[in-house]
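I open this notebook to record what I looked up in the model, entry by entry. I keep the definitions beside the values they belong to.

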Amino acid sequence: MNEAEARLVVEITFRTLWVCGAALVTALAIGIPIGIALGGRRFAGRSLVVSTVNAGMGAPPVVVGLGCSILFSRSGLLGGLGLIYSQTGMIIAQTLIAVPLVIGITLAAVGSLDEEWDLQVRTLGIRRIFRLWLLVRQIRMGLLAAVIAALGGILSEVGASSMVGGNLLGKTRVLTTAIMMETNMGNFERAGGLALILIGLTFLIAGLLTAVQQSGRTR
Amino acid sequence: MPFVSNSGTTACLDDRARVRGTPLRKAAATIAIASLLGLFAQASARAEASEPALILATTTSLRDSGLLDALLPDFTEQTGIEVQIIAVGTGAALRMGREGNADILITHAPSAEQELIEAGVVRRRTPFMQNFFVIAGPVEDPADIASAASPVDALRRIATSKANWVSRSDDSGTHKRETSLFEAAGIAADADWKGFDRTGSGMGLSLRVAGEHRAYILSDIGTFLAFQKRIDLVVLSKSADSLRNVYSILQLDASRFERPLASDAADSLERFLTRAEIQNRIAHYGEERFGRPLFTPLHPHPQSAGEGGHVEQASPP
Amino acid sequence: MTTPPTPRPHRIALAAKGLRVQRGQGSSRFTLDVAALDLRAGEVLVILGPNGAGKSTLLRALAGLESSADPHSIQGGSGPVTLVFQRPAAFAGSAQHNVRVALLGKGLTEADRSDRIARALTRFDIAHLADQEARTLSGGEMRRLALARAFVLEPEVLLLDEPFDDLDAEGQRQLSLDLQRAITETDVAVAMVTHDLRRALLLADRIAVLMRGKLVQQGPREEVLQRPNSREIARTVGMTNLAEGRVVRREEEIYWVEISDGLEVPTRAKLEIGRDAWIGIRPEHLKIDIGRGDGRPIGKAEVESLVSDGLATVVTLRTRDRMFSTHLLSGRGLARRLRSGDAVSLAVRPEHVHARLID
């Protein structure tokens, strides 16, 4: 690999981290509060909402990608926003794929708390903001599972990223779309190299998160 | 049996809880899993059982045109040979040939094909049909290429005015043509300006990008016609030699590979595709869907003399 | 039996008036209806009642956790009201952290907090567990932690739901002592639900009896224990020797009630000759007559069984058509000599016999 190619690989890797990272953070910021809000209380239509979340978790990412590419295209409802074949568009698509996962797992984590948990906390006269903090601390491990699951889904996603991003060199090409492209071109060695980088990234991040998880356990 | 706990509540060992592990449930689960496995085994066995299979490696644009799906069922009916189509990028298809992972290739990248001939991988190349690439773009034609003298001139105008351009950049047949045109126009191979997009992807996706970005693009006619309505672009180039796109059948040299090639079946397919009757069908293919044919047959001389166009029954390997 | 503490007039820390709580739907609907209930500073109110009577619901309502209750039906002071649940929640973190969370956001300095936490932990003898992960504590240790957490709030009202659940006899005894001391030192008003009658009787200043959602009797401990209003209440407060009979004669202020062949029970209650009445005698007051003149003889019985828990022996006695029970101190005198099948005479002091006319 020459210098230009190496720089290209670095660029693609950093872009992957940026796009996937932004999608992950957004999905967590949206999904965790919703999961906590839904998990805690009983309300009319709750089972309907939970079923929708479960369906969303199982929705094929490529379907989300198709929907987004139709929406974002010139003739689509959001055409005027210039999202098609852009990094922002990719981030939105990946966020949509990850949010049901995050909500679902957070919901389960909150649901696993004792029914009386909220009452017990309230009876200590703890203010709302601290109750929230306590809740998050209590379901810390469950939330971590949500992060890992969402991360896995986002990093490995290729269909939606391809459809919404367009694999444009220097603009929207990420590791997964690049791997597919190199494979289609018959450059299996290059594809393999990119795949190794992707696997390496996944292991690194998963390893970090697991270390955090384990340290939480022994404290 | 009820028992009374410290706190005074009565509880019963739930007899129903034992049903979870009953033999009945376990048997049902085992049967379900066994049936699923059986189904899978059957399906894969059936897929392999239909011998003989001829592995044809070709490009996605040819497959997407639907020509093969229209012609090959008749070939199978007449000869009993099932054709397995592997459609990938041109580069991957040629690589399959290089490594002997296919029995026969159909590609449209003459210079790359020549390399394979010189390397001894391909023992015979038979061009059998052609069409023309097109340069498509927005109807507004900001670079005014409709009045260009030639395709090379059109590209020069696009480069000079730095108009939006989408390149597949994936070593496909289309991309290779684009590269040689660029060279002829004096444009650097790694040219880049704002509005120059490299997708590294197939024709369909690249056309869609061109449509969204109102860009010019070099495309094969078949895929372009299939996408035309959706992307709102028009053909702005005129047919010229530099845009000629020749499709060839490549026969591989079986002696180079460990894996036995279905060479007889491959020859049989070539005879079929070059038969006068089939060549005529190629001449009309696409009229129904697009109002014009997608390919022009080249009427090559049939490989074996035979009896005026009859196809010999291929003997099963 | 210890002598009852001298009743002190205390200020009311929490008063419930016309407290109504609705729970559940349709056939499983439950209504709690408490006309009036007071909790006084430094006093322990023990709430007794059968399962499903609504005791935990009442505690929750007093804690303000029942949304269906009218908030005006509970008038409290300005101090914190806290409830310790039957299964106290262990928050993720150390024991110390569990106590600390109760003090968050309440305008205390870090020094104040640490100080209060340390005192609370020491108060319940778990200072040595301060850094241990709360979720790994044993049942008994968690109970102590929950109490420390409650007391660190310096509450005005403390509500306890089965605080002695899951503890062995020694654990209960020790916790009971620590709790009593804490209550005295902080002057907190306590309402406690417990099934353990013995423990309840040791700690109670006042007793309230709840049945099917209604407060059927409340008052100072001795009054409720010695003079329950109905036989159902009597059983609930441990007056297990109950019988029906007829008032047959009177000697000065003592009425005699004949409850079966050969058994006549003296009582100081105001009855009428010839009327039906029921009587109740607490087990500890029913005596086996050994000629010491402790009480009036009431008839003969046969020893059915003796069951000892190391401290007290429960003797079940059989007469022709009913059973009685009495308590003896284990390992001493009578408890050691009695055998199943022995014939004994029973005696009781008239002031220990509770009686009511039956309409």
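How many helices and strands are there in chain B? I find twelve helices and 13 strands in chain B, where helices (H or I, at least four residues) and strands (E, at least two) are DSSP runs numbered from the N terminus. I note that this is a predicted model, in which local features need pLDDT of at least 70 and side-chain atom pairs count only at pLDDT 80 or more, while totals for chains, interfaces and linings use all residues. Residues are numbered from 1 along each chain as its sequence is written, and chains are lettered from A and ligands numbered from 1 in the order in which they are written.

Entry on chain B. Of its 317 residues, 40% count as buried, a residue being buried if 20 or more other C-beta atoms lie within 10 Å of its own, exposed if 12 or fewer, and partly exposed in between, with C-beta atoms placed from the backbone. I then looked at contacts, for which the C-beta atoms of two residues, placed from the backbone, lie within 7 Å; among those in chain B between residues at least 6 apart in sequence, 73% join residues at least 24 apart.

Entry on the sheet of chain B. I traced an open sheet of six strands with mixed pairing, in the order S4-S3-S5-S12-S6-S13, two strands being paired if DSSP finds at least two bridges between them. Strand S4 (82–88) and strand S13 (296–297) of chain B are at the edges with a single partner strand each, so one side of each is left without a neighbour in the sheet. Strand S6 (residues 122–132) and strand S12 (residues 244–252) of chain B run antiparallel and are joined by nine bridges; B:Gln130 has B:Val246 in S12(B) as its bridge partner. Helix H4 (residues 90–98) of chain B packs on this sheet, touching strand S3 (53–59), S4, strand S5 (104–107), S6 and S12 of chain B. The direction of this helix makes about 145 degrees with that of S3(B), with axes fitted as lines to C-alpha atoms, for helices over the stretch in contact, and angles running from 0 to 180 degrees between N-to-C directions.

Entry on the cores. The largest nonpolar core has 205 residues, and A:Val102 and A:Ala150 have the most contacts inside it; such a core is a set of buried Ala, Val, Leu, Ile, Met, Phe, Trp, Tyr and Cys residues joined through C-beta atoms within 7 Å. Helix H4 (residues 87–111) of chain A gives the largest share of this core, 15 residues. Leaving aside residues up to four places away in sequence, I list the residues that A:Val102 touches as A:Ala27, A:Leu28, A:Gly31, A:Ile32, A:Gly35, A:Ala146 and A:Ala150. A second, separate core of 24 residues includes C:Leu271, C:Ile281, C:Leu317 and C:Val353.

Entry on helix H9 of chain A. Why is helix H9 (residues 175–185) of chain A described as largely enclosed by the rest of the structure? Nine of its eleven residues are buried, so the description follows from that count; among them are A:Leu175, A:Ile179, A:Glu182 and A:Met185. A:Gly186 follows H9(A) and has a positive phi, near 90 degrees.

Entry on chain C. I count nine helices and 19 strands in chain C, and its C-alpha trace spans about 70 × 45 × 40 Å along its principal axes. Buried residues make up 40% of its 359 residues.
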